[in-house]
Amino acid sequence: MSESDGYLLENRQTEAEERFDAFTALFDPTTFRHLDGLGIGPGKRCWEVGAGGTSVVSWLAEKVGPDGEVVATDIDTSLLASVARPPVSVRVHDVGAEEPPGEGFDLVHARLVLVHVPDRERALRSMVDALRPGGVLLIEDADPALQPLTCPDEHGPAQELANRLRRGFRRLLAERGADLSYGRRLPRLLREAGLHDVRADAYFPLTSPACAALESATVRQIRDRLVAADIATDEDIDRHLANVAAGGMDLATAPMISAWGRKP
């Protein structure tokens, strides 16, 4: 993907690390619960797709131990340098355009990745192909269309402004090829890909410090894009960031759908 028509939220922007910290606080407990249930342990081989930050990679490395392997890939690996040591190998890789970085994996996992990948069908096929027989694919992705609001309880001007900016953010994502209703289709897509024992659930964070941190970092990261697209003025954004910092709003994120299945 090019910078102009691809991923809206680049890893090299200063706010990216704040966003990954918020994702860690919001979603790691759900992710780790699923991975624990899938039996990830010593000696396993794992591919972490679109790793971005380090928390899931580090957790997997501890679980698989020195006899295992964790391959962490992303189109931008700038935030992964601190974990690039055995059993972790870090590779620059575009899951929607390149062949898998290996085969015979016990686990392939991607979180909040495929919704942004233009060729999601190829990416999913690549991830399934990389599994060994009996291996497990766990995809966790957002469904912003399922719950599109920053403030589900829109009871005042601050909440109305927050939701207006969220609609603008969703528009920018859609213009870059993001599928805003991808999460809900994951169970069907995993079955159609030939996986067995497909299961899924959802997590919908609402009102936490991490929700506020994610909202602030995201709006600051896309500020120039919002202004350039005439979605908001600098004054609007300053007011919204002040509202978020004041701590009086119940801020939500899009639901994260987790779906998993086993390769026969």
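## An aromatic cluster

Phe20, Phe23, Phe27 and Tyr203 come together in one aromatic cluster. Rings of Phe, Tyr and Trp (its six-membered ring) are paired here if their centres lie within 6.5 Å; planes under 30 degrees apart are stacked, over 60 edge-to-face, and the rest tilted. The whole structure holds five aromatic pairs. One of them joins phenylalanine 20 and phenylalanine 23 edge-to-face, with 6.3 Å centre to centre and 65° between the planes.

These two residues are about one helical turn apart because they sit three residues from each other in helix α1 (residues 16–37). Helices (H or I, at least four residues) and strands (E, at least two) are DSSP runs, numbered from the N terminus. Phenylalanine 20 counts as buried at 19% relative accessibility, and phenylalanine 23 is buried with a relative accessible area of 12%. Buried means under 20% relative accessible area, exposed over 50%, and partly exposed in between (1.4 Å probe, protein chains only).

## About the model

This is a predicted model, in which local features need pLDDT of at least 70 and side-chain atom pairs count only at pLDDT 80 or more, while totals for chains, interfaces and linings use all residues. Residues are numbered from 1 along each chain as its sequence is written, and side-chain values use heavy atoms, with hydrogens and water left out.

## Two nonpolar cores

A nonpolar core is a set of buried Ala, Val, Leu, Ile, Met, Phe, Trp, Tyr and Cys residues joined through side-chain atoms within 4.5 Å. In the largest one, with 27 residues, Trp47, Val108, Leu114, Met127, Leu137 and Ile139 touch the most other members. Two or more residues each come from β1 (45–49), β4 (105–111), α3, β5 (131–142), α5 and β7 (256–262). The top contributor is α3, with four residues. A second, separate core has 21 residues, among them Cys46, Ala51, Leu80 and Trp260.

## The second largest pocket

Now to the second largest pocket, whose lining includes Arg120, Leu124, Tyr182 and Glu192. A pocket is an open set of points on a 1 Å grid over the protein atoms alone where a 1.4 Å probe fits, with protein on both sides within 12 Å along at least five of seven lines; lining residues have an atom within 4 Å of a point. Helix α3 (120–129) and helix α5 (186–192) each supply at least two lining residues, and α3 gives the largest share, six residues.

Two of the lining residues also meet as a charge and a ring: arginine 120 lies over the face of tyrosine 182, 5.8 Å from the ring centre. Such a contact needs NZ of Lys or CZ of Arg within 6 Å of the ring centre and within 35 degrees of the ring normal.
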